[in-house]
Amino acid sequence: MTLWTPDPTFYPSPRDAAGAPAEKLAYVAAFDRAAARPDALAVIDTDPSSPAYGTVAGWTDLPNTGDELHHFGWNACSSALCPNAPHPHVERRYLVVPGLRSSRIHIYDTKDRISPELVKVIEPETLASRAGYSRPHTVHCGPEGLYVSALGGAEGRDGPGGIAVLDHTTFEVVGQWELDRGPQYLAYDFWWHINQDVLVSSEWGTPQMIENGLVGELLLGRKYGHKLHFWDLRKRAHVQEVDLGDEHQMPLELRPAHDPTRLYGFAGVVVSVEDLSASVWVWFHEEGRWQARKVISIPAEPADADRLPPLLRPFGAVPPLVTDIALSVDDQRLYVSCWGTGELKQFDVSDPFKPVELASLRVGGIARQNPHPADPSLPLRGGPQMVEVSRDGRRVYLTNSLYGSWDDQFYPDGVGAWMAKIDAESFTFDTRFFPHGDAFRGLRPHQVRLQGGDASSDSYCYP
């Protein structure tokens, strides 16, 4: 793992990263909803000059069943060049892959191979005993270690959720990150403003609130997460919470500005219980405190009851269900996935407080089931869910599955399996790139990580 010079995929600034060479591979977490066979890492050829372009070029099954792969990340990234916690001689080589349902964490080697090779498994008992957590969710490489958010406490049903730290080199669980968590109890995503020693975290729910599906009583009772939390990254202490209002249920994905001099970022909120709309908020620091402001609101769409799952029929409408957002490395474009309505929206966010919608595309969706232009006769279920942007901002990748039990509620006839690629400039689908159906061997694709890094994998310390 030790190099004499920094890994060439590390960049000191977002400007440098935007000039990086195009990825040739995409790693996709794929899971078996029935837990009857192992989940897998599928490797997709993304090189347009390759005869295998748009197909599954590599595949690695996990050693166990029932993991439910969700989000995963690299062992090292551009934050290794930061002067406050430098690790310039590590390399971006290993994928750190948590099982959201099993609480196992898998370490896969990607060097000099198409199909990743398993080199270590961290068992749930180790995570629980050393960090006090279960249900690991999001992985970020950062100062002095690997940070892994977790939804549950050690017992695996309730909270508090939080962040565990792994050693950069050995992948051993170091322990719990928080020294003072203050009022924080629910957990989901986290990110940081690394130069200012600020960490931001969001909320979903405890394992028992989510694992068997969306609980209507909890949603209407406004019991899911609705706050952002701000922390002192160096002191590992809670500083402030910002309540978005309990009608705004489930602020999930966080996307801070890549420019390390800018103290703002975007948070996507799944649903408002007042009108089924979804929203995007910007957080910022002003007058000595952290604040958040709604800057995008996306309304629900009316639909015939016979086209809706039982969960939505009483409402006669499809909620957008914003379940992922992605910010381009130059901080100019925000992509918002509406998994319910089957829409991906592109916004100009050069002024983060006044986003301007530039374009949208439809594929899948609860009521519409829009096909991909590569196969216009094939109705698609699921919708744009995980969205990932290449470092140069030219390519956008989508997958269609959210989370097993929630897939089944909103798409009871089956969510299917598909992946798509969009040209960001023309905002059109690439008809040569549409792995779907049997390509994923009966598994459901979720998060995408791009070879060499992507718009949501790295943080930078120089403007």
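In what order do the four strands of the open sheet that includes β30 lie? The order is β3-β2-β1-β30, and the pairing is antiparallel. Before I go on, please note that this is a predicted model, in which local features need pLDDT of at least 70, side-chain atom pairs count only at pLDDT 80 or more, and totals for chains, interfaces and linings use all residues. Residues are numbered from 1 along each chain as its sequence is written, and side-chain values use heavy atoms, with hydrogens and water left out.

Strands here are DSSP E runs of at least two residues, and helices are H or I runs of at least four, numbered from the N terminus. Two strands count as paired if DSSP finds at least two bridges between them. The edge strands of this sheet are β3 (56-65) and β30 (444-450), each of which pairs on one side only. Strand β1 (residues 25-31) is joined to β30 by five bridges, and the two run antiparallel. Within that pair, V28 stands opposite V448 in β30.

A further open sheet has four strands in the order β22-β23-β24-β25, again with antiparallel pairing. Its edges are β22 (322-327) and β25 (356-362). Between β22 and strand β23 (residues 333-338) there are five bridges in the antiparallel sense, and D324 stands opposite S337 in β23.

I turn now to the interior. A nonpolar core is a set of buried Ala, Val, Leu, Ile, Met, Phe, Trp, Tyr and Cys residues joined through side-chain atoms within 4.5 Å; buried means under 20% relative accessible area, with a 1.4 Å probe and protein chains only. The largest such core has 31 residues, and those with the most contacts inside it are W204, I210, Y224, M250, W406 and F410. Elements giving two or more residues to this core include α3 (207-210) and α5 (404-410). A second, separate core of 23 residues includes V387, W418, F427 and Y460.

Finally, the cavities. A cavity is a set of points, on a 1 Å grid over the protein atoms alone, where a 1.4 Å probe fits but cannot get out; lining residues have an atom within 4 Å of a point. There are five cavities of 30 Å³ or more.

Notes
Buried < 20%, exposed > 50% of the residue type's maximum accessible area, 1.4 Å probe, protein only. 1 Å grid on protein atoms, 1.4 Å probe; cavity = no way out; pocket = protein on both sides within 12 Å on 5 of 7 lines; lining within 4 Å. Points joined across faces, edges and corners; volume = space filled by probe spheres on them.
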